[in-house]
Amino acid sequence: MKIKYLGTAAAEGWPGIFCHCPACEQARRLGGKNIRRRPQALINDDMMVDINCDNYSTSLDYGIDLSKIAYWPITHSHMDHFVLWDFAMRGAAFAHNLTVPVLNLYANRSVCDNFQYLSGKYFEKEVLEHLRCNYAEPFVPFTAGDYRITPLLARHMDHEQCYIYMIQQGEKSILYAHDTGIFPQETFRYLDSLRGSLVLDLVSLDCTSGPNKEVDSHMGFAENRLIKRRLQEMGLTDPHTKYVISHFSHNCGLLHEELEAAVRGDGFIVAYDGMEMEV
Ligand SMILES: [Zn+2]
Ligand SMILES: [Zn+2]
Ligand SMILES: [Zn+2]
């Protein structure tokens with residue numbers, strides 16, 4: 001299974017869209033891996049996790065054929081993870097010869113409700129016929145093509161059940177855990193129930209705060225280390241497991257190479273836009 005990080009910043013991007021702090025000015029000056037767009041990840045070439053305002057331009061930059069995407073899990077309704085308007089262009093006069101006849105989205109209740117309301121009001125009927133937004137229940141695995149996807153609860157918002165996803169294909173598995181603080185107990189309990197039956201190939205962790213103190217709804221280095229230790233204790237990881245950290249806020253203040261230096265001893269891979277990993 002392949003994962004490609006299309007965006008690795010928090011909601012404001014890095015440089016922040018309207019920000020002139022030193023970390024953003026430095027990123028503008030240095031460019032390269034210091035430029036981070038809003039978070040989104042491509043799995044193989046037929047699954048995308050989340051959608052935001054950068055979706056169209058990243059698809060051009062990386063040569064991604066969006067019409068090939070058949071499965072689109074959404075983590076939660078924050079604007080760096082869910083903006084539905086690009087889907088309005090998928091069909092009718094806007095898109096011909098779709099590669100995949102029906103695109104399936106999977107999401108929590110808030111995203112599904114938003115989607116139904118806004119698409120019902122503003123999308124063309126012919127577009128809607130080729131789109132499904134499926135409610136995914138936490139801790140209930142579902143099948144999407146040859147993938148098995150399990151939504152687990154994140155610690156992120158009080159009034160919405162935000163998801164992290166376990167994505168499995170054949171023997172391979174990825175835990176995609178962004179926009180979450182230290183996992184809630186239900187999620188640790190669920191993961192613990194998999195003890196002995198699963199070893200994760202890649203764990204992708206929220207690192208919004210970097211070296212700073214966590215803000216409860218996100219993580220930094222210290223919380224990433226704790227999650228790594230807990231997963232190890234449960235036997236869900238082994239020495240071959242890759243740990244990637246992503247979703248960086250400019251407020252963490254460290255540029256790409258500084259982030260790499262800070263976590264070298266932890267074995268964390270610092271994600272950058274366009275980074276691709278094969279598991
Ligand atoms: Zn986010
Ligand atoms: Zn800034
Ligand atoms: Zn969020």
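In strand S9, Tyr165 is the bridge partner of Pro151. The model is a predicted one.

S9 and strand S10 (residues 172-177) run antiparallel and are joined by five bridges. The two strands form a hairpin with two residues between them, and Gly170 in that turn has a positive phi of about 55°. Strand S9 spans residues 163-169, and five of its seven residues are buried, so the strand is largely enclosed by the rest of the structure.

## The seven-stranded sheet

S8, S9 and S10 belong to an open sheet of seven strands, ordered S7-S8-S9-S10-S11-S12-S13, in which the pairing is mixed. The edges are formed by strand S7 (142-144) and by S13; each has a single partner strand, so one side of each is left without a neighbour in the sheet. With direction ignored, neighbouring strands of this sheet are turned against each other by 25° on average.

## Helix H6 across the sheet

Helix H6 lies across S11, S12 and S13, and runs at about 150° to S11. The helix has 13 residues, which at 1.5 Å a residue should span 18 Å; the end C-alpha atoms are 18 Å apart, in agreement with that expectation. The expected value rests on 1.5 Å times one less than the number of residues.

Which residues of H6 are buried? They are Phe221, Glu223, Asn224, Ile227 and Leu231. Seen down the axis of H6, these buried residues fall within an arc of 165°, so they line one face of the helix. Arg229 and Glu233, on the other side of H6, are exposed. The cover over the buried residues of H6 includes strand S11 (202-206), S12, H7 and S13. After H6 comes Gly235, which has a positive phi near 75°.

## Helix H7 and its packing

Helix H7 comprises residues 256-263, and His256, Leu259 and Val263 are buried in it. Viewed down the axis of H7, the buried residues fall within an arc of 60°, so they line one face of the helix. These residues pack against helix H6 (221-233), strand S12 (242-246) and strand S13 (268-270). H7 is in turn among the elements that cover the buried residues of H6.

S2 pairs with S1 in the antiparallel sense over four bridges, and Gln40 in S2 is the bridge partner of Gly7. S2 also pairs with strand S3 (residues 47-49), again in the antiparallel sense, over three bridges. Ile43 has Met47 of S3 opposite to it. S2 and S3 form a hairpin with three residues between them, and Asn44 in the turn has a positive phi of about 50°.

Cys19 is located in the loop between strand S1 (2-7) and helix H1 (22-30). Is this residue buried, exposed or partly exposed? Cys19 has 17 other C-beta atoms within 10 Å and is therefore partly exposed; a buried residue would need 20 or more, and an exposed one 12 or fewer.

Apart from neighbours within four places in sequence, Cys19 is in contact with Glu12, Cys24 and His250. Gly220 is 201 residues from Cys19 along the chain, and the C-alpha atoms of the two are separated by 21 Å.

## The chain as a whole

The protein chain contains seven helices and 14 strands. For 279 residues, a compact globule would have a radius of gyration near 19 Å, and the 18 Å of the protein chain agrees with this. The C-alpha trace spans about 55 × 50 × 35 Å along its principal axes.

Buried residues account for 43% of the 279 residues. Of the contacts with a separation of 6 or more, 72% are between residues 24 or more positions apart.

Terms used: Residues numbered from 1 in each chain as written. Chains lettered and ligands numbered in written order. Predicted model: local features only at pLDDT ≥ 70, side-chain atom pairs only at ≥ 80, totals over all residues. Arc of directions from axis to C-beta. Contact = placed C-beta atoms within 7 Å. Pairing = 2+ DSSP bridges. Rg over C-alpha atoms; globule rule 2.2 N^0.38 Å. Axes fitted to C-alpha atoms, helices over the stretch in contact; angles between N-to-C directions.
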